[in-house]
Amino acid sequence: MLAVRLHAAGEPLRDEERPLPVPTGTQVRVRVAGCGVCHTDLHIADGAMTRVELPLTLGHEIAGRIDAAGPEAGAPLQAAGLAAGDAVLVFGGWGCGTCADCRAGEEQRCPSGRSPGFQEDGGYAEAVLVPHPRHLIAIGDIDPVRAAPLADAGATPYRAVRRAGPWLRPGAHCVVIGLGGLGQFALQYLRRAGIGRLVGVDPDPAKAARAVFLGADAVVPNLDATTIRDALGGDAHAVFDMVGTDDTLESASPLVAPDGLLMLVGEGGGHARFGFNAALESWVTTTAWASPADLRSVVSLARQGALDWVVETMPLREANLALDRLARGVEGRLVLVPAGTA
């Protein structure tokens, strides 16, 4: 099969012909229909991510069809109502299954967890091995190529907004910094939460126009805190930083109202200076990907037609070009598609 792999940080990805993996034990092989191209992939390729094992097939937003299963996977597949040929999303937080976080349904927080595109080969390939059927989410009649971004771009902001629930009272003012793939989903979840004024921050005019279409009341093209506060009409009860650089966090912190929330979602490598210089009794937290339950909720919303997202497909062999385009900025989500994928 074709796999697109990273051998060293800063080098171009390499197209490689590799043996089609054979599932053993509880493993399931998924024929990849599409794999989303995420900013995290850029950080991995550039060497900015530390929890990566090279050489590696990139890609963690994976959707496809069940193709083969190991001898111990049959019973859990049947229990999950899954069978060969079913369209699935791959949940990427592959935990040990036995620790406290895993038993609580939060495998993405497992201290010994591994993930496709980070420590295990991911979806920039024609097939991927998944360690257990519990990491597969049925997507029903959703086109798996279109579904791929739901695994991260859809699921991570869903979790962020869900965890911010206590701050999202009717009339609450919220800010979303970064209106790319994750930010556009965040806007929709916030509107569904019934908040008040919602302001986006992004310099890209196309993303700004789409943000207004998705429910933003205004979009500010820069990180000036005064301009953002003016557009919002005051302090923010919750700020969602989907970028996570030093600059975005420095801008986000003074926007937060007393007893408000700063939710860091983007893995841009930045740091927030937080102390009594911030709003009194305010909160700062992070969001770690999403749980299987979060992803199932996102799939349910998508199947109901309650979510709107933009997908642009590119051939798998153009993965390097896709990363270059993402670095320059794209409106929605690029999805790499193996040759012959319907």
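Residues are numbered from 1 along each chain as its sequence is written, and side-chain values use heavy atoms, with hydrogens and water left out. Because the model is predicted, local features need pLDDT of at least 70 and side-chain atom pairs count only at pLDDT 80 or more, whereas totals for chains, interfaces and linings use all residues.

Helices (H or I, at least four residues) and strands (E, at least two) are DSSP runs, numbered from the N terminus. Helix H11, residues 319–328, has as its buried residues Ala 319, Ala 322, Leu 323 and Leu 326, where buried means under 20% relative accessible area, exposed over 50% and partly exposed in between (1.4 Å probe, protein chains only). Seen down the axis of H11, these buried residues fall within an arc of 100°, and therefore line one face of the helix; the arc is that of the directions from the helix axis to the C-beta atoms. An α-helix has 3.6 residues a turn, so residues three or four places apart point the same way. The face of H11 turned away from the buried side carries the exposed residues Ala 327 and Arg 328, and just after the helix Gly 329 takes a positive phi of about 110°.

The cover over the buried residues of H11 includes strand E1 (2–6), helix H1 (39–46), strand E15 (311–315) and strand E16 (333–337). Ala 322 and Gln 304 are 18 residues apart in sequence and 30 Å apart in space, C-alpha to C-alpha.

In H1, the residues Thr 40, Asp 41, Leu 42, Ile 44 and Ala 45 are buried, and the buried residues of this helix pack against E1, strand E3 (28–36) and H11. The axes of H1 and H11 come within 10 Å and cross at roughly 110°, which makes H1 roughly perpendicular to H11. Axes are lines fitted to C-alpha atoms, for helices over the stretch in contact, with angles running from 0 to 180 degrees between N-to-C directions; angles under 35 degrees count as roughly parallel, over 145 as roughly antiparallel, 65 to 115 as roughly perpendicular and the rest as oblique. His 39, Asp 41, Leu 42 and Ala 45 of H1 make the contact with Leu 323, Leu 326 and Ala 327 of H11.

The largest nonpolar core has 91 residues, of which Leu 89, Tyr 124, Leu 136, Leu 168, Val 176, Leu 190 and Phe 240 touch the most other members; such a core is a set of buried Ala, Val, Leu, Ile, Met, Phe, Trp, Tyr and Cys residues joined through side-chain atoms within 4.5 Å. The largest share of this core, six residues, comes from helix H6 (residues 181–192). A second, separate core of 18 residues includes Ala 218, Ala 236, Val 239 and Leu 262.

His 135 is placed in the loop between strand E7 (127–130) and strand E8 (136–138) and, at 1% relative accessibility, counts as buried. Leaving out residues up to four places away in sequence, His 135 touches Leu 89, Val 90, Phe 91, Gly 93, Trp 94, Gly 95, Glu 107 and Val 130.

Note on methods:
Contact means heavy atoms within 4.5 Å.
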